[in-house]
Amino acid sequence: MLYLAEVQKQKGGLLSGGAKTELKLLACQRTDQNWSTVSEEAISAEDASKLNDGALVLVEMNPHRQVQRIQEAGRPLVNILQNFSRQLEKFKLKEDEIDQWKESLTFQAQEMNRREMDMEARLEHLQQMESEFQLLESQQQEVETNREQISQLQAEVERNREELEGAWEHLRGEQRRLEESQANSLQGQVLDAEQSRVMSELLERLSNRVAATETVREHLNLALELVESQQATLNPHWENLEQQRNIATQQQAEIDRLAQTLSDRQNAWQQARDFLEEQKAQLKVNTATLASKQDYVQIIQKQLQQQDMLHQQIRSLAATSGDVVLSQQVDVEALEQMSLEELQKVIQDLNYKLEMDSSFVHDQEQELTYKQETIDELQHQIKEAGDKDKINLEAELADEKDLYQMLNETLVGQRRNLLQRQKLIKQHQNILLQRQGHTITKTEEGNQIDFAPILLQMKTQRQQQSQELQKLEYDIEQMRAAIEMDQGMIDNQTQEQNEKQQECQDIETNLLSLRTATSECWGRVNLYQEALQPIQDSLDGLRHKLQGIAESLTKIQETGDDQLQAIGEMRLTLQGLMSQPELLAS
């Protein structure tokens, strides 16, 4: 099973021997992508003694909890983090895609609900129109029925008129006969009783044959009332038609206004989009300039790193060149008076301390090497990281460089201390050899190289490049701030552009809906017009015919009254003739 562990070293004292190395278990791998924490258990592992204290390692253990393999966890952890990062990016993309689908489905559901409500409203309106048409059809059938009744009345009136004309003809004949009888009576001829009876019967028949117009007038008035009732029923439909026409006219004016507004908004959106494209192009130029300056900064940083390494190497060379002064002078007289065994014991102690210090310096140098590898790895990650991650990595790189510098400064003094200890041991060994009777040959130090001017010149160049680097970093920060500001403005303008585009789309959608509604309204107006106009024309024609019948009926009434008056006069004349007995006797 694979574990993530931390190397822990417990340094021993001078008498306890070497350091003890343990592995502190931190996490355990359950599956390829699943890790879980474990109890912080420490196991002994001498194989990890070469690793630094605090280093993270991957430990493979068997079921008996014995270490089988140890490897550094740097690269595998980076791979795990990269895989985790990629999984997060995929999850984020999936979430964005799901959000987009949710928004799309929400919009589609809203659109479907709106269309469903629109269809229901249209269906209700169609049902209302159908009921109104059915009412109009029933009214039209009622008009047709009234028309048939009026036709029957007209036929009856014509029939009565014909009968009246016949009676009038018969009356005129009788009147001529009466006039002839009167003329004969003047000549001595008179009517007998039979003729008087016949004349009375004829006058009675004529008086009974005069057409009675009251019933016809009642039917005519009823028909006129029905026509006015139907006209009153049609008037609200005409008013509704006028309202629909006004609404259609207003909607047409609103369509014209929305069309002009849409044109203005689209022109403004086009101009703003062109200006936004120019700003994006300028942002790309500024970004490219920033990238070139960042590349130049990396070059200067790399040169400074190389100069730091060279400066450290020269300082190390200067430190190991033999130009070292002992911090304490050797008491030669005391060493010469000391016994050989004691002197050898002192030399052994000094050698032991030198080995301990050398081991410590070696560990520190190894730690310095690891720090340099960490710095190189961070620099490699900075080159491949994005803008947001680059800031954190640069801060971490600066901390690692500070630690590296502090550790390196410490090692310079420790190296000098080792050289001092080596010279001190060498003096003790020389005194021991002299006392043992050996001849000591002193080596001349020769011509030593003075590294001070070189170090001073390198320090001056480093300061100049540091100043140039600071200036470039300041310029980069200014450009980055300006680019971020421009990017923020572009993002805001892009959002405004999207809002304006959405507004134009909403206006266009409203315009399309309004055009559809206006077309439907004009369709209803035309349909109302086509349905109402024939009924109104028929009703107007029927009213005109009824008014003509009323005028004819009035004339018939006047004629009948004249006929009754004439019959009354004829009856009086006949009675006058019948009341003269001398005429009858003669």
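A pocket is defined on a 1 Å grid over the protein atoms alone as an open set of points with protein on both sides within 12 Å along at least five of seven lines, whereas a cavity is a set of points where a 1.4 Å probe fits but cannot get out; lining residues have an atom within 4 Å of a point. Grid points are joined across faces, edges and corners, and a volume is the space filled by probe spheres set on the points. Lined by 33 residues, the largest pocket has Gly74, Arg75, Val78, Glu377 and Gln381 as the residues closest to its centre. Helices α1 (74–186), α5 and α6 (387–435) each supply at least two residues of this lining, and the largest share, 10 residues, comes from α5. By residue class, the lining of the largest pocket comprises 11 nonpolar, 9 polar and 13 charged residues; Ala, Val, Leu, Ile, Met, Phe, Trp, Tyr, Cys and Pro count as nonpolar, Asp, Glu, Lys and Arg as charged, and the others, Gly among them, as polar.

The second largest pocket has a volume of about 1100 Å³. Its lining consists of 32 residues, of which Gln301, Gln305, Leu397, Lys401 and Leu469 are the closest to its centre. At least two lining residues are supplied by each of α3 (214–319), α5, α6 and α7 (452–578), with α3 giving the most, 11 residues. The lining of the second largest pocket divides into 11 nonpolar, 10 polar and 11 charged residues.

Residues are numbered from 1 along each chain as its sequence is written. In this predicted model, local features need pLDDT of at least 70 and side-chain atom pairs count only at pLDDT 80 or more, while totals for chains, interfaces and linings use all residues; side-chain values use heavy atoms, with hydrogens and water left out.

The chain contains 8 helices and 6 strands, assigned as DSSP runs (helices, H or I, at least four residues; strands, E, at least two) and numbered from the N terminus. Along the sequence, these elements follow the pattern β-β-β-β-β-β-α-α-α-α-α-α-α-α. Of the 586 residues in the chain, 28% are buried, where buried means under 20% relative accessible area, exposed over 50%, and partly exposed in between (1.4 Å probe, protein chains only). The accessible surface of the chain comes to about 39200 Å², of which 51% belongs to carbon and sulfur atoms; such areas come from the Shrake-Rupley method with a 1.4 Å probe, and for residues only the protein chains shown count as cover. Among contacts (heavy atoms within 4.5 Å) between residues at least 6 apart in sequence, 78% join residues at least 24 apart.

Glutamine 379 is located in helix α5, which spans residues 340–384. This residue counts as buried because its relative accessibility is 18%. With residues up to four places away in sequence not counted, glutamine 379 touches Gln305, Leu397 and Lys401; Gln305, Leu397 and Lys401 are also among the residues closest to the centre of the second largest pocket. Glutamine 298 is found in helix α3 and, at 30% relative accessibility, counts as partly exposed. Between the C-alpha atoms of glutamine 298 and lysine 383, which lie 85 residues apart along the chain, the separation is 9.2 Å.

Helix α7 holds both cysteine 504 and isoleucine 507. Cysteine 504 counts as buried because its relative accessibility is 8%, and isoleucine 507 is likewise buried at 11%. Excluding residues up to four places away in sequence, cysteine 504 touches Leu262, Arg265 and Gln266, and isoleucine 507 touches Leu258, Thr261, Leu262 and Arg265. For isoleucine 507 and threonine 261, 246 residues apart in sequence, the C-alpha to C-alpha distance is 8.4 Å.

Cysteine 521 is also buried, with a relative accessible area of 0%. The structure holds 0 disulfides, a disulfide being a pair of cysteine sulfur atoms within 2.5 Å.
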